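Hi everyone, thanks for making time this morning.

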Amino acid sequence: MIIVGVDGSQAGLEAAGWGSREAALRGVPLKVVYALPEWAFKRAVKKSHEQIAEWMRDSGTQVVMAGVERARREAPDVEVDHALLAGDPRSALIQAAGDADLLVVGNHGLGGFRGLLLGSVAHGVAGHASCDVVVVRQPASPPRGEVVVGVDGSPEGAAILEFAFAEAALRGAGLRAVRAWSLWMWSAGGAVVPMMDPADDERIGIRLLEEALVEHRKRHPEVEVTEDVVQGHPADVLRRASEGADLLVVGSHGAGEFAGLVLGSISQAMLHHARCPLAVVRAPKR
């Protein structure tokens with residue numbers, strides 16, 4: 001099942017549309033949900049408070065049904081369910097998606113997410129959900145029939161690549177595997193120093209990328225793969241590569257010094273700067 005969080009915003013409706021198309025590709029049902037404060041579901045002592053709670057539930061129902069309508073319009077054959085959730089949107093969505101295959105949200109919102117900073121719900125669920133998360137924004141340019149995946153040598157690299165290959169196969173799209181390399185490196189003392197031989201770093205990057213793709217190519221021979229080893233900061237490289245892509249796929253954790261963060265620095269940067277829908281693949285359970 002795919003869970004989609006809506007909130008009354010255009011971004012939420014885009015998420016519902018994307019989620020329904022994804023459900024059609026996967027052949028799974030879709031559930032559209034909306035979060036309200038817990039007190040809106042409790043019997044109030046004062047009648048005035050009960051009226052406010054009833055109004056909030058009615059408004060929430062309108063929001064969630066707008067998402068259902070958008071989902072059904074995008075993919076009429078998909079089984080669509082809906083629900084109102086109680087609690088903070090982030091925790092409510094994470095709990096609702098506990099057994100889901102995928103959680104889909106907009107990149108920012110209003111409604112149930114009102115007052116939260118741009119991307120705070122997306123950031124919260126991408127870092128803590130037990131399933132993979134897709135953050136939807138309207139593409140800056142028409143999709144070109146290509147899925148882009150960032151390859152960084154992190155422990156979750158195999159899961160990221162498998163997700164990306166599977167998504168490309170579902171869409172009949174090509175896959176662009178991107179690995180960034182830099183002319184600079186961190187020294188043991190914490191200073192930034194130039195590489196002794198930048199060409200070596202590029203050659204190593206090419207070899208590591210090729211090795212990472214071998215088994216996935218075998219499992220998905222139908223996917224046409226383009227390999228890109230690009231000089232530059234990973235966030236800049238992936239932002240440019242995402243322009244016009246159907247989907248950008250990254251891991252929830254970063255490599256190197258960022259591996260211990262709940263959400264890696266590159267994932268955080270892409271939440272704000274990706275130019276297409278962003279899939280954040282969860283770290284494998286250890």
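As for the cut-offs, buried means under 20% relative accessible area, exposed means over 50%, and partly exposed is in between, with a 1.4 Å probe and protein chains only. Asn-107 sits in the loop between E4 and helix H4 (120-128). Its C-alpha is 8.6 Å from that of Ala-15, although the two are 92 residues apart along the chain.

A quick word on where this comes from. This is a predicted model, in which local features need pLDDT of at least 70 and side-chain atom pairs count only at pLDDT 80 or more, while totals for chains, interfaces and linings use all residues. Residues are numbered from 1 along each chain as its sequence is written, and side-chain values use heavy atoms, with hydrogens and water left out. When I say H or E, I mean DSSP runs numbered from the N terminus: helices (H or I) have at least four residues and strands (E) at least two.

Now to the sheet. How many strands form it, and in what order? There are 10 strands in an open sheet, ordered E3-E2-E1-E4-E5-E12-E11-E6-E7-E10, with mixed pairing. Two strands pair if DSSP finds at least two bridges between them. Strand E3 (80-86) and strand E10 (225-231) are at the edges with a single partner strand each, so one side of each has no neighbour in the sheet. On average, neighbouring strands here are turned by 25° against each other, direction ignored. At the E3 end, strand E2 (residues 30-36) runs parallel to E3 and is joined to it by 7 bridges.

H1 touches strand E1 (2-5), E2, strand E4 (102-106), strand E5 (132-136) and strand E11 (247-251), and its direction makes about 155° with that of E4. Contact here means heavy atoms within 4.5 Å. Axes are lines fitted to C-alpha atoms, for helices over the stretch in contact, and angles run from 0 to 180 degrees between N-to-C directions. H5, in turn, lies across E4, E5, E6, strand E7 (174-181), E10, E11 and strand E12 (278-281), and runs at about 180° to E6.

How do those two helices meet? Helix H1 (residues 10-26) and H5 pack at about 85°, with their axes 10 Å apart. They are therefore roughly perpendicular; angles under 35 degrees count as roughly parallel, over 145 as roughly antiparallel, 65 to 115 as roughly perpendicular and the rest as oblique. H1 brings Trp-18, Glu-22, Leu-25 and Arg-26 to the contact, and H5 brings Phe-163, Glu-167, Leu-170 and Arg-171.

Glu-22 forms a salt bridge with Arg-171, and their closest N and O atoms are 2.9 Å apart. By salt bridge I mean a side-chain nitrogen of Lys or Arg within 4 Å of a carboxyl oxygen of Asp or Glu. This pair links distant parts of the chain, with Glu-22 in helix H1 and Arg-171 in helix H5, 149 residues apart. Glu-22 is buried, at a relative accessible area of 1%, whereas Arg-171 is partly exposed at 23%.

Across the whole structure, a search finds 19 salt bridges. One of them joins the side chains of Arg-73 and Glu-69 (3.9 Å, N to O). Why are these two about one helical turn apart? Because they are 4 residues apart in helix H2 (residues 47-74). Arg-73 is exposed at 53% relative accessible area, and Glu-69 is exposed at 52%.

Glu-211 and Arg-207 also meet through their side chains, at 3.3 Å, N to O. They are 4 residues apart in helix H6 (residues 198-219), so about one helical turn separates them. Glu-211 counts as partly exposed at 47%, and Arg-207 is partly exposed at 42%. Elsewhere, salt bridges that share partners join Glu-14, Arg-21, Arg-70 and Glu-74 into one network.

One last stop: His-220, in the loop between H6 and E10. Is His-220 buried or exposed? At 11% relative accessibility, His-220 counts as buried. Leaving out residues up to four places away in sequence, His-220 touches Glu-162, Phe-165, Ala-166 and Ala-169.
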